[in-house]
Amino acid sequence: MSCESKGNKETKVLIETSLGNIRVKLYDDTPAHRDNFIKLVNEGYYDGTLFHRVINEFMIQGGDGTSKNAPAGKMLGTGDPGYTIPAEFVYPKHFHKRGALAAARQGDQVNPEKASSGSQFYIVTGKVYNPQQIGQLEHQMQMQQEQSVFQQLAAGHKSEIIAMRKARDMQGLQALQDTLIAQMQAQIKKEGKRTLTQVQREAYTTIGGTPHLDGEYTVFGEVIEGMDVVDKIQRVETGAVDRPVTDVKVIRMKVEK
């Protein structure tokens with residue numbers, strides 16, 4: 001399996017960087033992300049921006065509009081066009097295999113809908129997992145699913161919980177918790193436990209990726225040429241907050257017909 005297999009229909013974008021060229025294809029079944037990326041590329045938004053966050057065996061991140069000509073040591077990662085894009089999870093069809101192109105976003109605490117940044121993106125490098133590690137990851141995914149569903153259910157009883165805590169009504173809190181756990185289990189039974197598909201298992205145990213991000217961030221494309229350049233970028237020396245010591249620039253991006 002290779003993330004560099006050629007796509008025929010999808011829009012392709014050439015990313016010229018200071019370390020070489022990367023070519024990506026954009027998926028048609030994530031149209032809001034596709035169209036926004038094309039719009040920003042055509043406007044030249046990305047030209048001159050940096051890959052401001054780089055973590056070896058994880059991913060390379062760019063798209064911060066404030067990173068153009070950013071002086072050394074400047075904190076980056078908050079720049080965007082001033083809007084977000086609703087999440088477009090096409091999961092498990094699109095997942096965080098090596099070479100996946102995905103949208104960055106703010107964390108769940110301030111962004112429970114998991115809306116994507118208007119411009120910031122990352123390309124997955126990740127690592128290869130053995131079957132035992134895949135089993136452990138799957139267990140973690142299911143624990144996260146339970147936690148996420150429970151928190152969503154509990155959010156609907158926020159005022160009730162606060163009142164019972166103030167009154168130190170431990171019996172009431174325990175009864176509510178038992179009810180929420182039962183509702184959580186029923187909901188998960190209905191929607192199904194999170195498991196990895198055979199395609200995911202094959203990818204993660206051969207080419208690698210970052211499975212713990214699946215279903216949390218929108219994957220809207222993939223690298224079709226230039227993973228050697230992505231690897232070159234992921235290995236550069238980095239300093240504070242994972243910013244490369246020597247700037248890695250996007251010289252320009254171009255939509256290819």
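Is Thr-125 buried or exposed? In this predicted model, Thr-125 has a relative accessible area of 1%. That value is under the 20% limit, so Thr-125 counts as buried. Thr-125 sits in the loop between β8 and α2 (131–155). Its side chain makes a polar contact with the side chain of Gln-234, at 2.8 Å. A polar atom of the Thr-125 side chain also lies 3.4 Å from the backbone nitrogen of Met-59. Beyond its neighbours within four places in sequence, Thr-125 is in contact with Ile-55, Glu-57, Phe-58, Met-59, Arg-98, Gly-209, Val-230, Asp-231 and Gln-234.

Gln-234 belongs to the buried part of α6, together with Met-227, Val-229, Val-230, Asp-231 and Ile-233. Helix α6 is mostly covered, with six of its eight residues buried. These buried residues pack against strands β1, β2, β3 (53–55), β4 (59–62), β8 and β9.

Helix α6 also contributes to the largest nonpolar core. That core has 28 residues. Val-13, Ile-22, Phe-37, Tyr-46 and Met-253 have the most contacts inside it. At least two core residues come from each of β1 (11–17), β2 (20–26), α1 (31–43), β6 (100–103), β8 (121–124), β9 (219–225), α6 (227–234) and β10 (250–256). In soluble globular proteins, nonpolar side chains tend to be buried together.

Residues up to four places away in sequence aside, Phe-37 touches Val-13, Leu-26, Tyr-46, Phe-121, Phe-220 and Met-253. Glu-43 is also part of helix α1. Glu-43 counts as exposed because its relative accessibility is 53%, and the cut-off is 50%. Glu-43 and Met-253 are 210 residues apart in sequence, yet their C-alpha atoms are 9.8 Å apart in space.

The whole structure holds two cavities of 30 Å³ or more.

Glu-88, Phe-89, Val-90, Tyr-91, His-94, Phe-95, His-96, Gly-215, Tyr-217, Thr-218 and Val-219 line it. By class, six of these residues are nonpolar, four polar and one charged. Tyr-91, one of the lining residues, is joined to Pro-92 by a cis peptide bond, with omega about 15°. Pro-92 lies in the loop between β5 (84–85) and β6.

Two further backbone features concern phi. Most residues other than glycine have a negative phi, and most peptide bonds are trans. Glu-57 is not a glycine but has a positive phi of about 60°. Glu-57 lies in the loop between β3 and β4, and is one of the contacts of Thr-125. At 48% relative accessibility, Glu-57 is partly exposed. Val-241 also has a positive phi, near 45°. Val-241 is placed in the loop between α6 and β10. Its relative accessibility is 49%, so Val-241 counts as partly exposed.

Notes: Residues numbered from 1 in each chain as written. Predicted model: local features only at pLDDT ≥ 70, side-chain atom pairs only at ≥ 80, totals over all residues. Heavy atoms only, no water. Core = buried A, V, L, I, M, F, W, Y, C linked by side-chain atoms within 4.5 Å. Buried < 20%, exposed > 50% of the residue type's maximum accessible area, 1.4 Å probe, protein only. Helix = DSSP H or I, 4+ residues; strand = E, 2+ residues; numbered from the N terminus. Contact = heavy atoms within 4.5 Å. 1 Å grid on protein atoms, 1.4 Å probe; cavity = no way out; pocket = protein on both sides within 12 Å on 5 of 7 lines; lining within 4 Å. Points joined across faces, edges and corners; volume = space filled by probe spheres on them. Nonpolar A, V, L, I, M, F, W, Y, C, P; charged D, E, K, R; others polar. Polar contact = N/O pair within 3.5 Å; in protein donor to acceptor, adjacent residues only side chain to side chain.
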